[in-house]
Amino acid sequence: MKSDFGIIDQTIRALTIARKSIRIFYVKGPVIIFGLLFPIFLFLSFTIGRNMTLDFMLPGFLGMILFFTATSISPVVVPWEAQARTLERLMSCPVRLETIIIGDVFASFAFGTAISLVPIIIGFALGITVSSPVLFAFAVILAALCFASLGNVFSIPPINIPATVNMIAAAVRFPVIFISGIFIPLDQLPRWGQAIAYISPLTYFTDIARSCIQGRGHLPLAIDFTVLIAFTALFLVVAMKMHRRTMPRRI
Amino acid sequence: MRNGLAIEVKGLTKRYGEILAVDHISFEVKKGELFGFLGPNGAGKTTTIRMLIGVIKEDDGEASVMGYPAGSLRAKQLSGVVPEMANAYIDLSGWDNLMLMAELYRTPSTDAKERAKALLRELGLYEKKDSKTSTYSMGMRKRLLLAMALINDPQILFLDEPTSGLDVQSARAIRAMLRNLRKEGKTIMLTTHNMDEAAELADRVAIINHGKLAAVDTPDNLSITGGRVYLIDLSFDKPVRSEVLAKLPGVSRLETAQAIEAADRLRAQMAMAGVSRPGGMGVGKGQVPAQPADGQLPTDISKGEKPEGNRFRLYTEDTTQLVNALVDFSRTNSLAMNILNVRPPSLEDAFVRLTEEKSREK
């Protein structure tokens with residue numbers, strides 16, 4: 001038994017928690033189908049009939065799928081586990097609360113990344129090319145981590161009813177789709193629209209994707225990546241700190 | 001930690017708003033000891049265990065488990081936990097739940113698999129190891145929880161009501177396992193409502209009430225802390241005046257049928273809500289002892305007591321003298337004794353007495 005309880009040790013245990021969450025909460029037919037179908041139909045409802053090219057549509061479509069899938073289950077995992085008293089089980093194991101949170105984020109990140117491969121493969125099959133594949137891949141991974149962390153932030157309020165938490169998450173997730181330059185490019189938005197768009201992490205991923213696929217980003221890539229990293233760090237820190245604060249009222 | 005101690009608790013305190021759930025309790029558990037932790041519902045048993053296993057944080061005081069601060073990762077690594085509420089992952093099979101626990105404790109895979117097989121066999125779950133836990137009965141789930149707690153071969157085991165609500169077979173399987181674990185030298189802290197279980201299994205017991213420790217001692221010592229007062233349940237074929245019986249030599253106290261039933265009800269409400277004997281008999285007439293510390297019945301029970309009846313409970317320190325007197329009394333008055341049941345003081349007597357005393361003090 002190797003137990004120094006350092007970062008590597010806790011990361012290994014976090015991966016165990018992530019594998020458990022993927023098996024229990026994510027690898028379910030309805031979750032996968034909903035994760036794909038909902039963004040597809042939502043996207044089509046806003047794009048059909050409009051004169052849009054595939055290279056314009058794909059970045060927005062990819063952003064939507066990544067955002068929806070990475071934030072779909074993570075808000076309700078903690079409430080579910082608290083309700084089923086399995087959270088208490090995890091907390092009696094030799095893992096830090098932060099390890100549990102990271103484990104949940106890992107699961108959501110893996111799910112988001114895996115599902116996002118579907119539109120990427122379809123895009124490649126339809127002849128889309130990416131100018132900087134490494135940067136693009138890094139952006140997908142970073143964005144999945146960022147959105148997964150955001151999803152976990154939604155579960156901070158000590159509410160153990162998954163449906164209620166889902167409503168809170170939906171109240172944030174849907175407006176984000178419309179302010180992130182998915183349907184209208186950022187440079188075509190009015191100044192106030194752009195100001196609102198900058199508060200959404202999805203904006204920066206969409207901008208990177210447009211830059212890599214269309215070759216037409218609104219912001220410099222360095223800014224996009226820096227802000228996306230900052231959002232990820234912020235969400236992770238907030239999730240860990242606030243869960244520590246609300247956990248006593250939850251269990 | 002002092003040598004030989006598995007748990008050391010000093011002034012442990014937990015508040016929930018205005019409620020003082022655990023009130024500056026201190027106790028020690030020796031290594032290899034099976035320590036019973038008894039108390040009525042809401043007394044603070046589960047809160048204490050949850051602090052010791054690191055699920056909640058204490059507001060005051062300190063505790064150590066196997067020499068490490070309670071709740072620390074090192075203490076958790078050496079512990080196994082069976083919580084009161086069944087909390088295995090119902091979407092996973094019994095086997096997968098065990099493997100998950102093994103991975104969370106970083107038990108080497110080969111060891112974990114061997115140990116899982118042995119535990120599942122011992123607890124009668126091997127045949128159902130690949131079935132989802134959602135298909136398990138309550139008894140099977142509780143047995144699985146015990147297996148999950150043991151998969152990392154812990155040095156100390158915390159069990160919160162492990163046999164509560166179980167069928168006889170499951171409860172027996174768990175008790176047998178606990179006896180074996182004690183023989184192996186594991187330290188076990190067990191909360192239970194079942195006095196017979198505590199008396200049978202525990203080396204020492206602590207009684208907690210309203211968040212405070214009422215007593216810590218061996219079950220035998222606790223049973224006689226109120227004196228070696230024996231209980232005699234008896235019934236005659238005809239009504240008898242209670243004051244006549246009360247004057248017999250050796251009677252230290254008497255209860256009529258009405259008082260016995262009222263006392264049973266009162267105790268059930270006050271102190272022992274949810275108490276059950278093995279087999280689910282509950283708090284039965286003629287089974288619950290009545291021995292408040294002051295030797296008096298509560299006022300509301302004495303009021304309205306009928307002066308005569310044919311069923312009584314007598315308390316005595318000299319059973320020979322009283323039984324002889326009862327035989328003489330029956331013969332002289334041409335009475336037949338339908339029941340004459342003498343029993344020694346029990347842990348349950350001590351439990352009721354101590355919890356009632358504390359309730360009255362409040």
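This is a predicted model: local features need pLDDT of at least 70, side-chain atom pairs count only at pLDDT 80 or more; totals for chains, interfaces and linings use all residues.
Trainee: What makes β3 of chain B count as mostly covered?

Mentor: A residue is called buried if 20 or more other C-beta atoms lie within 10 Å of its own, and 5 of the 5 residues in β3(B), residues 34-38, are buried. L34(B), G36(B) and L38(B) point one way from the strand while F35(B) and F37(B) point the other way, and the residues on both sides are buried.

Trainee: Why are β6 and β10 of chain B said to stand at the edges?

Mentor: The open sheet has 6 strands in the order β6-β7-β8-β3-β9-β10, with mixed pairing. Because β6(B), residues 79-82, and β10(B), residues 212-217, each have a single partner strand, one side of each is left without a neighbour in the sheet. For β10(B), the partner is β9(B), joined to it by 5 bridges in the antiparallel sense, and A206(B) has V216(B) as its bridge partner there.

Trainee: Which helices pack on this sheet?

Mentor: Helix α1(B), residues 45-52, touches β3, β7, β8 and β9 of chain B, and its direction makes about 150° with that of β7(B). Helix α6(B), residues 168-183, touches β3, β7 and β8 of chain B, and its direction makes about 150° with that of β8(B).

Trainee: How many residues of chain B are in contact with chain A, and what makes a pair count as a contact?

Mentor: A contact requires C-beta atoms within 7 Å, and 21 residues of chain B are in contact with 21 residues of chain A. The elements of chain B giving two or more residues to that side are α2 (73-77) and α3 (94-104), and the residues of that side divide into 13 nonpolar, 4 polar and 4 charged.

Trainee: What span is expected of helix α3 of chain A, and what does the helix reach?

Mentor: With 17 residues, 54-70, α3(A) reaches 23 Å from its first C-alpha to its last, close to the 24 Å expected at 1.5 Å a residue. This helix is also mostly covered, with 14 of its 17 residues buried.

Notes
Residues are numbered from 1 along each chain as its sequence is written. Chains are lettered from A and ligands numbered from 1 in the order in which they are written. Two residues are in contact if their C-beta atoms, placed from the backbone, lie within 7 Å. Helices (H or I, at least four residues) and strands (E, at least two) are DSSP runs, numbered from the N terminus. Ala, Val, Leu, Ile, Met, Phe, Trp, Tyr, Cys and Pro count as nonpolar, Asp, Glu, Lys and Arg as charged, and the others, Gly among them, as polar. A residue is buried if 20 or more other C-beta atoms lie within 10 Å of its own, exposed if 12 or fewer, and partly exposed in between; C-beta atoms are placed from the backbone. The expected span of a helix is 1.5 Å times one less than its number of residues. Two strands pair if DSSP finds at least two bridges between them. Axes are lines fitted to C-alpha atoms, for helices over the stretch in contact, and angles run from 0 to 180 degrees between N-to-C directions.
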